[in-house]
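Subject: Structure for you to look at

Hello,

Here is the structure I promised to pass on. Please open it and keep it in view while you read my notes.

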Amino acid sequence: SHQAWLSHQAWLNARKLGVTGTDIGIIMGVNPYKKRKALLEEKLGQGKPFYESLAVVVGRRLEPLVASAWSARNQELITNGSFTKSPRNPRYIGTPDFLTPHRGLEIKTAGAHIFASGCPKHYELQCRWYAMITERECWDLSCCMVPKDRKLIDLNQTDEALYEWVKVQPHQEYQFKRIESQEQEMMDAADEFIKEFIIICFYIIPYKWMFKPFNLNQQPIRV
């Protein structure tokens with residue numbers, strides 16, 4: 001709906017104004033899929049369009065089912081996460097997948113090759129970031145693995161049938177307890193990135209705009 005689109009746009013705009021869970025791994029240089037420069041461009045509205053991989057498509061459909069199974073297995077009431085600002089700094093932000101009173105749950109759907117050497121560091125930092133900004137004791141990570149080839153999975157089946165298929169695939173679960181020294185490292189890195197972003201927004205971009213050469217051959221704008 002139009003209202004849902006507006007809400008999604010507001011969420012995307014809010015993400016540009018701070019450091020999120022998915023940003024922190026990029027900022028700290030442990031995300032192999034995106035560099036710091038690309039993240040800055042994205043925050044400035046100059047990033048590349050987002051491409052939905054097979055894992056993203058499957059993950060979006062499976063999240064509620066995986067969360068329900070996790071809740072039943074751990075006998076904990078679970079609720080959907082929402083956009084959150086840290087009480088430490090309003091620019092420390094994130095949208096966790098799911099929350100319980102004492103911990104949170106992040107659900108990932110990815111290729112099995114990503115976990116060949118254990119949990120990817122940027123996934124771990126994302127969970128630690130969420131635990132910090134929501135002030136939870138720890139954070140769980142549930143990883144469903146899917147093949148890279150879209151031909152190997154039928155996306156036309158129901159969510160329940162898709163979940164039954166994914167359940168028999170390799171699966172990994174992790175839990176990360178809060179570590180104060182690591183949180184300080186994350187905050188230091190985030191503060192440095194935020195400072196760089198502010199300098200670009202309020203000093204470098206306006207300066208370049210003011211001293212941009214005027215093109216005499218430029219056609220006048222018709223109104």
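How far is the sulfur of Cys-144 from the closest cysteine sulfur? The distance is 7.7 Å, to Cys-143, which is too far for a bond. A disulfide needs two cysteine sulfur atoms within 2.5 Å. By this rule the count is zero. Cys-144 is buried, at 3% relative accessibility. Cys-138 is buried too, at 8%. Buried means under 20% relative accessible area, exposed over 50%, and partly exposed in between (1.4 Å probe, protein chains only).

Some ground rules. This is a predicted model, where local features need pLDDT of at least 70 and side-chain atom pairs count only at pLDDT 80 or more, while totals for chains, interfaces and linings use all residues. Residues are numbered from 1 along each chain as its sequence is written, and side-chain values use heavy atoms, leaving out hydrogens and water.

Now the cores. A nonpolar core is a set of buried Ala, Val, Leu, Ile, Met, Phe, Trp, Tyr and Cys residues joined through side-chain atoms within 4.5 Å. The largest one has 34 residues. Val-19, Tyr-92, Phe-115, Trp-129 and Leu-141 have the most contacts inside it. Among the elements that each supply at least two of its residues are helix H5 (121–134), strand E6 (138–145) and helix H7 (180–210). Helices (H or I, at least four residues) and strands (E, at least two) are DSSP runs, numbered from the N terminus. A second, separate core has 17 residues, including Val-58, Trp-70, Val-146 and Ile-153.

Next, Thr-20. It sits in the loop between helix H1 (2–15) and H2. Thr-20 is buried, with a relative accessible area of 1%. Its side chain makes a polar contact of 3.0 Å with the side chain of Thr-22. A polar contact is a pair of N or O atoms within 3.5 Å; within protein, one must be able to donate a hydrogen and the other to accept it, and residues adjacent in sequence count only if both atoms are side-chain atoms.

Last, the rings. There are four aromatic pairs. Rings of Phe, Tyr and Trp (its six-membered ring) pair if their centres lie within 6.5 Å; planes under 30 degrees apart are stacked, over 60 edge-to-face, and the rest tilted. Phe-115 and Tyr-123 form a tilted pair, 6.0 Å centre to centre with 50° between the planes. Tyr-174 and Phe-176 have centres 6.3 Å apart and planes at 10°, so that pair is stacked.

Best wishes
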